[in-house]
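Here is a short report on one protein and its ligand. Have the sequence and the structure open as you read.

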Amino acid sequence: MQHNSRPVISNQPGPHQELARYVSRAQAHPLRKPIAEHTQRNFALAAEWLAGRQTPLILDSGCGVGISTRQLAEQFPGHAIIGIDRSEDRLGRDHGDLPANALLVRADLVDFWRLAHQAGWAPEYHYVLYPNPYPKAGHLKMRWHGHPVFPTLLALGGRFELRSNWPIYVEEFALAVAQVTGKQASITEIAPKGDYLTPFEAKYAQSGQALWCLRVDLARG
Ligand SMILES: C[S@@+](CC[C@H](N)C(=O)[O-])C[C@H]1O[C@@H](n2cnc3c(N)ncnc32)[C@H](O)[C@@H]1O
């Protein structure tokens, strides 16, 4: 299928000038917003499933329709893969049976990551693939690295991978990682060429857009 998806357009010429301040504020003021009851319930079900598997964990946060979750499950047969998304519509689309080592969970990540951290989860790998960019400068707080939950996301630890078609998102994320952890994330351009991990990756690549991948090994905090 050919796609014609437009590159991200933003009024930001480079990393947001307020980024460091937002990150410091998130570090100083841990998020206190109460956890939604449905996320609590779905987290409990996921925890039960995971306890039954006794294998290392991989998180696919913001998994959309769960194609990446399925692919990761095949790539890592000795791991338990949990794909999380808040969209019932996306999760409900039929993309075939889920492998036995994969689970899709409907939840808001802001709550799910906090519950996972409280429960002591320590994913070996953590994927955040093509998060919503929120490219307007005024929406920095909605990007994961500008959000108050950011320190909790990093504290989950693991080999972390972020992919995006917006280089500024990836650059900002790396700056925010360095601010919180002192670690320098690697940023590379990727060219999957038909071997797409997610539908958004396919759409952007087939529209001729550059794709960026950030990787960093995070310590469990
Ligand atoms: C641009 S889509 C990418 C989906 C998939 N990773 C892909 O690459 O095809 C971003 C996804 O993140 C999900 N999402 C955004 N904010 C979320 C949140 N707070 N909690 C859970 N899912 C969220 C959306 O529902 C959407 O499916």
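## His 147

His 147 sits in the loop between β4 and α6, the latter spanning 150-155. This is a predicted model. Is His 147 buried or exposed? Its relative accessibility is 16%, so His 147 counts as buried, since the cut-off for buried is under 20%.

Val 110 lies 37 residues from His 147 along the chain.

## His 126

His 126 is part of β4, which covers residues 125-129. The relative accessible area of His 126 is 0%, so this residue is buried.

What does the side chain of His 126 contact? The partner is the side chain of Ser 61, in a polar contact of 2.7 Å.

## Arg 114

Arg 114 is carried by helix α5, residues 109-118. Is this arginine buried or exposed? With a relative accessible area of 8%, Arg 114 is buried. That value falls below the limit, because buried means under 20%.

Two polar partners can be named for the Arg 114 side chain. One is Asp 111: the two side chains are joined by a polar contact of 2.8 Å. The other is Leu 31, whose backbone oxygen lies 3.5 Å from a polar atom of the Arg 114 side chain.

## The ligand and its shell

How many residues surround the ligand? There are 17, and the closest are Gly 62, Asp 85, Arg 90, Leu 129 and Thr 198. By class, the shell holds eight nonpolar, five polar and four charged residues. The ligand takes up the space of the largest pocket.

## Backbone contacts to the ligand

At Leu 109, a polar backbone atom is 2.9 Å from a nitrogen atom of the ligand.

How much of the ligand's exposed area does the protein bury? Taken alone, the ligand exposes 590 Å², and the protein buries 93% of that.

Note on methods: Residues are numbered from 1 along each chain as its sequence is written. This is a predicted model: local features need pLDDT of at least 70, side-chain atom pairs count only at pLDDT 80 or more; totals for chains, interfaces and linings use all residues. Side-chain values use heavy atoms; hydrogens and water are left out. A residue is near a molecule or strand if one of its heavy atoms lies within 4 Å of it. A polar contact is a pair of N or O atoms within 3.5 Å; within protein, one must be able to donate a hydrogen and the other to accept it, and residues adjacent in sequence count only if both atoms are side-chain atoms. Accessible areas come from the Shrake-Rupley method with a 1.4 Å probe; for residues, only the protein chains shown count as cover. On a 1 Å grid over the protein atoms alone, a cavity is a set of points where a 1.4 Å probe fits but cannot get out, and a pocket is an open set with protein on both sides within 12 Å along at least five of seven lines; lining residues have an atom within 4 Å of a point. A molecule sits in a cavity or pocket if more than half of its atoms lie within 2 Å of its grid points. Ala, Val, Leu, Ile, Met, Phe, Trp, Tyr, Cys and Pro count as nonpolar, Asp, Glu, Lys and Arg as charged, and the others, Gly among them, as polar. Helices (H or I, at least four residues) and strands (E, at least two) are DSSP runs, numbered from the N terminus. Buried means under 20% relative accessible area, exposed over 50%, partly exposed in between (1.4 Å probe, protein chains only).
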